[in-house]
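This report describes selected features of one protein model, with the cut-offs applied. The structure is shown first.

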Amino acid sequence: MSDRIVVVGHAAVTCLGNDLDRTWQGLVAGKSGLARHPDRLDPGSYLQDIAGLVEGVGPGSAEEDPAITRLGSRFVHFGVRAARQAWLESGLEAKLDADLPRSRVAVVVGSGLGGMDLYHAESKRAASRKSLATGPYLLPGLIANQAAGQVAQQLGLHGPSLCPANACASGGHAIVFGAMLLRSGEADVAVVGATESAFTPEIVNGFVTMKALMGRKPNDRSNDDPSQASRPFSGDRAGFLMAEGAGILVLATESAVQRLGLTPLATLLGWATNSDGFHVAQPQPDRVRQCLEAAIAHAGVHPDQIDYYNAHGTSTTINDRVETEAVRRIFGDRAAKLPVSSIKGAIGHALGAAPAIEAAVCVRALREQAVPPTVNYRPDPELDLDYVPNEGREVRLDRILSASFGFGGTNNALVFGRGTDA
């Protein structure tokens with residue numbers, strides 16, 4: 001029988017808080033971390049200045065990590081911070097060398113866009129100096145796998161290292177690939193997740209012009225209250241709102257958990273990935289549904305045993321419609337009673353990091369036996385699921401399905417169970 005995959009550490013850095021405790025408290029309280037940031041997102045350069053920005057962490061901040069101060073890209077700092085928190089929670093630092101060889105710990109930390117903020121800043125500095133030369137740490141801070149590299153370096157881990165760059169599905173793919181390394185015997189423990197910060201005018205404005213990200217709209221309810229800009233599954237949804245942050249899990253084989261005396265937080269029961277093979281950006285309904293079905297089958301459970309669906313839920317017209325239809329077809333008559341929510345209403349869309357943040361939240365939801373709400377929700381007559389509108393809910397949770405989809409037609413789905421399943 002295959003070794004089961006157990007979660008022994010979980011952490012997140014988001015616009016609601018610099019750790020998972022504060023993020024979770026904000027989510028279940030129905031708060032939003034989205035705000036207008038004209039100081040950092042100059043309206044003269046950005047087509048949208050509402051965003052989910054992380055405060056007080058990163059290059060030049062009061063809580064800057066001194067070990068990586070030369071790397072000026074925010075995604076590296078967020079990833080290392082979340083990894084340190086999850087690693088500390090796992091208790092594995094005390095097990096290294098004597099009980100756990102460092103070569104048996106893998107690191108799989110993805111990013112959709114890497115250090116584009118650093119690239120933009122260095123380009124501006126070079127232009128202002130009228131010089132062709134850039135800073136010597138531009139390339140080390142720009143490459144997308146530097147977050148995985150720094151997690152390995154700062155934690156002293158020497159196993160396999162990977163960096164999935166699968167757009168907004170990167171974090172989910174990182175978790176899947178980490179589980180595959182454990183299942184194949186390549187490692188006993190894997191630090192997995194994703195991190196993102198990609199606020200440059202080109203990226204923000206590019207998302208706006210392709211009508212994925214909500215631009216400025218007259219008479220929109222976000223004009224008076226920016227926290228209402230992201231509203232998944234709502235009748236007046238108008239596109240996603242960009243955010244930054246990181247999510248990290250520490251996975252271990254069940255045999256490693258028992259041998260090392262670790263505390264199970266949750267179980268990764270199953271997973272699936274597939275490709276739409278369809279369009280540069282639009283989801284393909286059948287492939288999305290098939291990915292969710294494959295994850296449920298891989299977990300060895302029936303759809304009726306799923307207690308909550310943590311949605312990709314971007315607040316775009318097409319995604320929320322496609323995802324709703326997939327849930328209807330998989331769960332049948334039970335779909336109307338299944339709690340479904342998207343935390344992107346509260347924390348925006350952190351692109352490649354979003355699936356990993358959502359995975360960390362799913363682990364916390366299993367432990368707290370509560371579902372975070374879909375904030376800013378107003379009914380859409382065409383979307384008729386139970387979206388857990390605006391208020392969190394205490395629910396018995398044994399299994400959670402979480403899914404993410406990315407540009408380029410890349411999909412993944414994860415099924416988590418309670419730690420007692422281990």
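## Basis and terms

A salt bridge is counted where a side-chain nitrogen of Lys or Arg lies within 4 Å of a carboxyl oxygen of Asp or Glu. The model is predicted: local features need pLDDT of at least 70, side-chain atom pairs count only at pLDDT 80 or more, and totals for chains, interfaces and linings use all residues. Residues are numbered from 1 along each chain as its sequence is written, and side-chain values use heavy atoms, with hydrogens and water left out.

Helices (H or I, at least four residues) and strands (E, at least two) are DSSP runs, numbered from the N terminus. Accessibility is given as relative accessible area, with buried meaning under 20%, exposed over 50% and partly exposed in between (1.4 Å probe, protein chains only).

## Salt bridges

Side chains of opposite charge can pair when their charged atoms come close. The structure holds 26 salt bridges. One of them joins Arg329 and Asp286, with an N to O distance of 3.2 Å. Arg329 belongs to helix H10 (residues 317-331) and Asp286 to helix H9 (residues 285-298), so the pair ties together parts that are 43 residues apart in sequence. Both partners are partly exposed, Arg329 at 48% relative accessibility and Asp286 at 27%.

Asp21 pairs with Arg364, their closest N and O atoms being 3.0 Å apart. This pair links distant parts of the chain, since Asp21 is in helix H1 (residues 20-28) and Arg364 in helix H12 (residues 354-368), 343 residues apart. Asp21 is partly exposed at 41%, whereas Arg364 is buried at 11%.

## Packing of H2 and H5

The axes of helix H2 (residues 74-90) and helix H5 (residues 146-155) come within 9 Å and cross at roughly 40°. Axes are lines fitted to C-alpha atoms, for helices over the stretch in contact, and angles run from 0 to 180 degrees between N-to-C directions. Angles under 35 degrees count as roughly parallel, over 145 as roughly antiparallel, 65 to 115 as roughly perpendicular and the rest as oblique; H2 and H5 are therefore oblique to each other.

The contact (heavy atoms within 4.5 Å) involves Phe75, Val76, Gly79, Val80, Ala83, Arg84 and Trp87 of H2, together with Gln146, Ala147, Gln150, Val151, Gln154 and Leu155 of H5.

## H7 and residues with positive phi

Helix H7 (residues 201-209) has Pro201, Ile203, Val204, Asn205, Phe207 and Val208 as its buried residues. These buried residues pack against helix H3 (116-129). Lys211 follows H7 and has a positive phi, near 65°.

Two further residues other than glycine have positive phi: Ala167, near 50°, and Asn219, near 65°. Ala167 is in the loop between strand S5 (161-162) and helix H6 (170-184) and is partly exposed at 22%. Asn219 is in the loop between H7 and strand S7 (245-253) and is exposed, with a relative accessible area of 79%.
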